[in-house]
Amino acid sequence: MKKLLKSDIFQKILVGIFIGFLIISVGRIMLDVLRESPFNYRNVLISAMSFFFILNYIKKQSDKESQ
């Protein structure tokens with residue numbers, strides 16, 4: 001299981017999934033703002049978690065390249 005989680009292909013698939021989550025949740029927040037209705041904090045949480053996962057992945061990749 002650890003091998004699968006650390007494989008590059010699996011990491012790239014996860015980054016793709018989290019980019020999709022980020023786009024969808026930011027889109028939902030923008031729709032709530034345009035409709036002038038209170039936005040759902042779940043979308044804020046999903047977008048923040050996705051954003052920080054993507055940043056963490058970029059940091060790990062830059063650390064690999066610098067070694």
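Helices (H or I, at least four residues) and strands (E, at least two) are taken here as DSSP runs, numbered from the N terminus. This is a predicted model, in which local features need pLDDT of at least 70 and side-chain atom pairs count only at pLDDT 80 or more, while totals for chains, interfaces and linings use all residues. Residues are numbered from 1 along each chain as its sequence is written, and side-chain values use heavy atoms, with hydrogens and water left out.

The chain contains three helices and zero strands, arranged along the sequence in the pattern α-α-α. Helix α2 covers residues 8-35, a run of 28 residues. The expected span of a helix is 1.5 Å times one less than its number of residues. After α2 comes E36, whose phi is positive, near 60°. Helix α3 then takes up residues 41-66, which are 26 in number.

The overall form of the chain can be described next. A compact globule of 67 residues would have a radius of gyration near 11 Å, whereas the chain has 15 Å; the radius is taken over C-alpha atoms, and the globule rule is 2.2 Å times the number of residues to the power 0.38. Along the principal axes, the C-alpha atoms fill a box of roughly 50 × 25 × 15 Å.

Burial comes next: a residue is buried under 20% relative accessible area, exposed over 50%, and partly exposed in between (1.4 Å probe, protein chains only). Buried residues account for 15% of the 67 residues in the chain. In α2 they are Q11, V15, S25, I29 and D32, and in α3 they are N43, S47, S50, I54 and Y57. The cover over the buried residues of α3 includes α2.

Leaving aside residues up to four places away in sequence, S25 touches N43, I46 and S47, where contact means heavy atoms within 4.5 Å. Across the chain, among contacts between residues at least 6 apart in sequence, 53% join residues at least 24 apart.
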